[in-house]
Amino acid sequence: MLTSGIILLAGSLLSPNPGLIFWTALTFVIVLVILKKIAWGPILNALEEREKGIQSSIDRAHQAKDESEAILRKNRELLAKADAESDRIIREGKDYAEKLRTDFTDKAQAEAKKMIALAKDEIEQEKRRALDVLRNEVADLAVQGAQKIIKTVLDADMQKKIVDGMIQDLSTKRN
Amino acid sequence: MKLVNVIRVKALFKVIAILVPLALNFNSLVAAPTVSSVVTSQNTVTAPAVEAGHGDAKAAPEEEKAGEVIMHHILDNNVYYFDPFGEVHLPKIPPIAGIDISITKHVVMLWIVSAALLIVFSIVGGKYKNMTPRNAPKGLANAMEALVEFIRVDVAKSNIGHGYEKHLPYLLTVFFFILFCNLLGLIPYGATATGNVNVTLTLSVFTFFVTQIAAFKAHGVKGYLQHLTAGTHWSLWIIMVPIEIIGQFTKPFALTVRLFANMTAGHIIILSLIFISFILKSYIVAIAVSVPFAIFIYLLELFVAFLQAFVFTMLSALFIGLATAHEGHDEHEVAATAHH
């Protein structure tokens, strides 16, 4: 209690001191002027520059993002176009191949038909020739048979046998 | 983990085993330091033993002495004491124009603060001079930049608004000046210059002038005078004008008293807590009450040192912002938006 009373009553706590006021003002003004020159100027400039730098970096980043998005969009468009193009080419190729295939098969079939027809003609000719040969053969055989018959005893039975045998020979050969 | 705990507990027991007998025995048997030789030398607080009975009888005068010692620590003086190493008698300058401008303890502290400020910020400023926006600040420059940036953005920009750059050097200087004064007042042998009402008064007067000049620049003489009427009807001017004029002066007055009282009060509390142990002549009180509480208040004072520097700067910026605010513009904008 007494202590606080003394502090309150001391009075000198609030007593004015013009000398101190003078020195405070002088010191403060000098410090203000010097600090403004050596510290606040460079620091605030640096801070402002950095602020601007950050802002411009952000702006540039946004710009780059927009640009890249545009490029991406363009790329997508190109890709879609390329896809369509490739689809078209494949389809055309397929169509062409189909056409080619049908052409070839048609041609091959025609060729085959022609060849078959030729083969048939040839077979016919061969057959005719073979019949001619056979006819000659048969005539020769008949002549030979006649010779044999004439050479051996002219027996009726025998003759009949010979003729039968000849006919049988003919039929087998013909077959 | 457990081993460490065991060791800690053992160490704690040892400390208690040493301290408790000391605290109990020495108190009653040998001596306790008291404040007795304050009046004669005023630079020593410990004194030879005084018996318990005597101490009780002298309780009241000793309290007075404690008060004197505390006041002696807080008040300005022409002698700088370095107890117990000696004292420095500061030079007396003959009065100029009836003003005694002798160097005092607080003037010396102001100069020490100024020197510290100049050293710190010449280093920091030098670093910033050859720094490109690509370099990041390091160490001291980084620490100071945090504070500068805080004052710039959160104090100046948000309170003053447009044209805050003009007032930044003043606000920054006042912030760091007060901060360094507060902090240097907390170290041993330091004195708190901001705990002197003359110093805080001077700083507030600077704020007052800055505010008034800013108001004149922003509104012109006519606008300034209109501002004094607070936009009321002319019949109310006889009341409003004095109130507004008084209001101009209460702001710096509040600044003065706030800073001075805060810094002084903290020191008085710390010193009083220490003096409790001397008044009660007890080591137990010293260990259990004085030292822990004084440490607590000291840490609080560290916080208050920053807080009061911030508050002073903040209010200065606020006053400047209020003085330069274009109220008319806001009204026009409101009207314009209302038309739309």
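Me: Let's say a cavity is a set of points on a 1 Å grid over the protein atoms alone where a 1.4 Å probe fits but cannot get out. How much space lies in the largest cavity?

Reply: About 60 Å³, where volume means the space filled by probe spheres set on the points, with points joined across faces, edges and corners. This is a predicted model, in which local features need pLDDT of at least 70 and side-chain atom pairs count only at pLDDT 80 or more, while totals for chains, interfaces and linings use all residues. Residues are numbered from 1 along each chain as written, chains are lettered from A and ligands numbered from 1 in written order, and side-chain values use heavy atoms, without hydrogens or water.

Me: How many cavities of 30 Å³ or more are there?

Reply: The structure holds three of them.

Me: And what lines the largest cavity?

Reply: Its lining residues (an atom within 4 Å of a point) are B:T207, B:F208, B:T211, B:Q212, B:Q248, B:K251, B:P252, B:L255 and B:F319. Helices α8 (197-229) and α9 (237-280) of chain B each supply at least two residues of that lining. Helices here are DSSP runs of H or I with at least four residues, numbered from the N terminus.

Me: What's the split by class in that lining?

Reply: Four residues are nonpolar, four polar and one charged. Ala, Val, Leu, Ile, Met, Phe, Trp, Tyr, Cys and Pro count as nonpolar, Asp, Glu, Lys and Arg as charged, and the others as polar.

Me: OK, switching to salt bridges. How many over all chains?

Reply: The count is nine, taking a side-chain nitrogen of Lys or Arg within 4 Å of a carboxyl oxygen of Asp or Glu.

Me: Which residue does A:E98 meet in a salt bridge?

Reply: A:R101, with 3.1 Å from N to O. Both residues lie in helix α2 (residues 18-151) of chain A, three residues apart, or about one turn.

Me: What about A:R129?

Reply: A:R129 bridges to A:E126, with the closest N and O atoms 3.0 Å apart. These two also sit in helix α2 of chain A, three residues and about one helical turn apart. A:R129 is partly exposed at 46%, and A:E126 is partly exposed at 42%.

Me: And over in chain B, where are B:R152 and B:E149?

Reply: In helix α6 (residues 139-160), three residues apart, so about one helical turn separates them. B:R152 is buried at 0% relative accessible area, whereas B:E149 is partly exposed at 24%. Shared partners link B:E149 and B:R152 with A:E48 and A:E51 into one salt-bridge network.

Me: Who else is in helix α6 of chain B?

Reply: B:N142 is one of its residues, partly exposed at 37%. Its C-alpha atom is 8.7 Å from that of B:V124, 18 residues away along the chain.

Me: Last topic: which residues make the nonpolar surface patch?

Reply: A:F22, A:L26, A:I30 and A:I34, with about 310 Å² of accessible area together. Such a patch joins nonpolar side chains within 5 Å, from residues with over 30% relative accessible area and no salt bridge, with areas from the Shrake-Rupley method and a 1.4 Å probe. A:I34 is in helix α2 of chain A and is partly exposed at 31%.

Definitions and conventions. Buried means under 20% relative accessible area, exposed over 50%, partly exposed in between (1.4 Å probe, protein chains only). Patches are made of residues with over 30% relative accessible area and no salt bridge: like charges are joined within 9 Å, nonpolar side chains (Val, Leu, Ile, Met, Phe, Trp, Tyr) within 5 Å. On a 1 Å grid over the protein atoms alone, a cavity is a set of points where a 1.4 Å probe fits but cannot get out, and a pocket is an open set with protein on both sides within 12 Å along at least five of seven lines; lining residues have an atom within 4 Å of a point.
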